[in-house]
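Welcome! Have a look at the sequence and the model below, and then we will walk through some of the features together.

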Amino acid sequence: MGRYQVVEAVALADCAMDIEGDDLDDLFATAARAMAELMVDPATVATTVEREVALEAPALDRLLYDWLDELIFLKDREALVFPGAEVRVETGPPCRLRARLRGGVIDRERTALRADAKAVTFHQFHLERRGAGWHARVVIDI
Amino acid sequence: MKTIPVAECIWEIPTSEKAGMLVPARIYASDRLLARMDQGVFDQVTNVACLPGIVRAALCMPDGHWGYGFPIGGVAAFRSDTGVISPGGIGFDINCGMRVLRTTLTEAEVRPRLRELVDALFAAVPAGVGAKGFVRLDEERFREVMVEGAGWCVRHGYGWPEDLAATEGRGCLPGADPSQVSARAIARGMDQLGTLGSGNHYLEIQVVPEGGIHDAAAARALGIERPGQVLVMLHCGSRGFGHQVGTDYLRTFDQAMRGYGITVRDRELACAPFRSPEGQAYFGAMTAAANTAFANRQVITHRVREVMARVFGRDARDLGLELIYDVCHNTAKVERHEVEGQVLELVVHRKGATRAFGPGAEDVPEAYRAIGQPVIIGGSMETGSALLVGTAQAMRETFGSTAHGAGRTMSRHQAKRQVWGETLVEQMAARGIVVRAASKSGVAEEAGFAYKDLDEVVDVVHRLDISRRVVSLRPIGNIKG
């Protein structure tokens, strides 16, 4: 089971996060949860929407970048957030991802809003093997 | 890292401090502000000093803090013929900026209806995560907005013709190229015109406090006559559209710069020669996003006028709800500046820094040409903001730039640990500031203690004469995302 933590000392006005996963699938799913929890309290979002996503990128770190960008896009375009995700990552090349997302619509009356993620930055951005698992640092502009 | 004092409130980091620095870095700060700047500022401003084509120095304003790529408060100018353009020197929130309107109302007139006014503004201006705007556009109309900016809004009844003269670049920067914008950026941002966003974005009712007018003649030119006068201030940008343009081109430049043999010390500083196909494409798309930000602030202005007219039962013109000025603080613009005795065409990047052109400069509205371009420095939601004017010294020292805000000193998480959003709203209400926010945790993140002392930032830019203090403002009502 993956985990993440906010790194407070980096980029004061933004949100830096360290994300750990047992494997790549776990890390990508944890990154989706971290993104959702940054934007809303997931307990206040009814799980009513499932969505399938397929992405392809020239490198693994770019795949993670595109994955998080896709989640931000869905928040702005359709007011959707997805705390749950099952992800399958193929290391390629090219690197591919297939995911089933579970979440719901941001309800202006019911959903406890947090920060509006603007974009994923490349500042300190990395994805690497660490021990038996995987580690990523992402800094989200909010 | 060695910081050498070179003049009062000016610190220089020489090129010897980091391999690859092409010019020194200059930080504008008092001793106290410098001591409180985080290490990221020094790392980042010296990284910027390594970028190809940079001239004179990489600059950081006194509100500077650790950002991504450039520090927040960063200013850098690159030769347009041999230099680069970098999305990380502008930020994802392209043309994030400030707008301030005057009124003829006094605090005594507004106070009895303040809560009603704040509630009505909160209802009328969508804010926070997932908000949709009130201006419905199809793709063709949205492309018109990209090119025309605030002018499109005025043409469609969302503003007054004179608003344009009081907006930087008349609310429409030249060179916007919608063909360089992705379908994804359009799909993401098309429904968000007229939304505030979240984070440190706000719509605020402010008052000129007793003793708040520092330069009566300049204040009069801005239409500010006396303490107690009520103003309306707005801080927001290009929303998801601009954020996606920045994202798209960061990816493009990350690949493209290898082909140009450019290496950078932080991947977020990905860049391309300004005159390259990628550089020109980004400039066209970035300018399109900048114009939509002007449009966003313009339609929100229209909403503010509608709401205030309804709440006070008087026409917006009768309330004197005139635009003082609208100024960007996240852009890259092509400008001409003197460098070592030569006038050069430069691509001036300002990331969390405000243009501050001096008296007589082109693109300063005629009404302000004698005093200099109005500068709006937004403080924290608790402490207040300031109006200044640009100076001739700013043209010589900082490529016509100054600070943009108070500048954070504390992470958002640390701020949330120190105060609950609900508690802060109650504390502010007890001090006469009414707050409505889409996110309670967002309120805690923006607490006054998370920022530097605005007066100290303003004092530094005033002492440096890179802008001149005119009016201090304090908030009485705040609408947040």
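## Where the two chains meet

In this structure, 41 residues of chain B are in contact with 29 residues of chain A, two residues being in contact if their C-beta atoms, placed from the backbone, lie within 7 Å. Four helices of chain B, namely α8 (183-189), α10, α13 (412-418) and α15 (440-445), each supply at least two residues of the side that touches chain A. Among the contributors to that side of chain B, α10(B) gives the most, with 6 residues. By class, the side of chain B that touches chain A holds 10 nonpolar, 21 polar and 10 charged residues. Here Ala, Val, Leu, Ile, Met, Phe, Trp, Tyr, Cys and Pro count as nonpolar, Asp, Glu, Lys and Arg as charged, and the others, Gly among them, as polar.

A word on the model and its labels: it is predicted, with local features needing pLDDT of at least 70 and side-chain atom pairs counting only at pLDDT 80 or more, while totals for chains, interfaces and linings use all residues. Residues are numbered from 1 along each chain as its sequence is written, and chains are lettered from A and ligands numbered from 1 in the order in which they are written. Helices (H or I, at least four residues) and strands (E, at least two) are DSSP runs, numbered from the N terminus.

## Helix α10 of chain B

Let us follow the helix α10(B), which covers residues 239-259. Its 21 residues reach 31 Å from the first C-alpha to the last, close to the 30 Å expected at 1.5 Å a residue; the expected span is 1.5 Å times one less than the number of residues. At Phe253(B), α10(B) bends by about 30°, the bend being the angle between axes fitted to the seven residues ending there and the seven starting there.

How much of α10(B) is buried? The count is 15 of its 21 residues, so α10(B) is largely enclosed by the rest of the structure. A residue is buried if 20 or more other C-beta atoms lie within 10 Å of its own, exposed if 12 or fewer, and partly exposed in between, with C-beta atoms placed from the backbone. After α10(B) comes Gly261(B), with a positive phi near 70°.

## Two crossing helices in chain B

The axes of α5(B) (residues 139-148) and α11(B) (residues 277-312) come within 6 Å and cross at roughly 95°. Axes are lines fitted to C-alpha atoms, for helices over the stretch in contact, and angles run from 0 to 180 degrees between N-to-C directions. α5(B) and α11(B) are therefore roughly perpendicular to each other; under 35 degrees counts as roughly parallel, over 145 as roughly antiparallel, 65 to 115 as roughly perpendicular and the rest as oblique.

On the α5(B) side, the contact is made by Val145(B), Met146(B), Val147(B) and Glu148(B), and on the α11(B) side by Ala288(B), Asn291(B), Thr292(B) and Ala295(B). Sorted by class, this contact has 5 nonpolar, 2 polar and 1 charged residues.

## Helix α1 of chain A

Turning to chain A, helix α1(A) (residues 24-39) has 16 residues and spans 23 Å from its first C-alpha to its last, close to the expected 22 Å. Of these 16 residues, 12 are buried, so α1(A) is largely enclosed by the rest of the structure. The buried residues include Leu24(A), Phe28(A), Met35(A) and Met39(A). What covers the buried residues of α1(A) includes β1 (3-7), β2 (15-21), α2, β4, β5 and β8 (133-141) of chain A.

Most residues other than glycine have a negative phi, and most peptide bonds are trans. In chain A, a cis peptide bond with omega about 5° joins Gly92(A) and Pro93(A). The bond from Pro93(A) to Pro94(A) is also cis, with omega near -10°. Pro93(A) lies in the loop between β4 (80-90) and β5 (95-105) of chain A, and Pro94(A) is found in the loop between β4 and β5.

Ala79(A) has a positive phi near 55° and sits in the loop between α2 (60-78) and β4 of chain A. Phe399(B) also has a positive phi near 55°, in the loop between α12 (392-397) and β17 (401-402) of chain B. Are these residues buried or partly exposed? Ala79(A) counts as partly exposed, with 18 C-beta neighbours inside 10 Å, whereas Phe399(B) is buried, with 27 other C-beta atoms within 10 Å.
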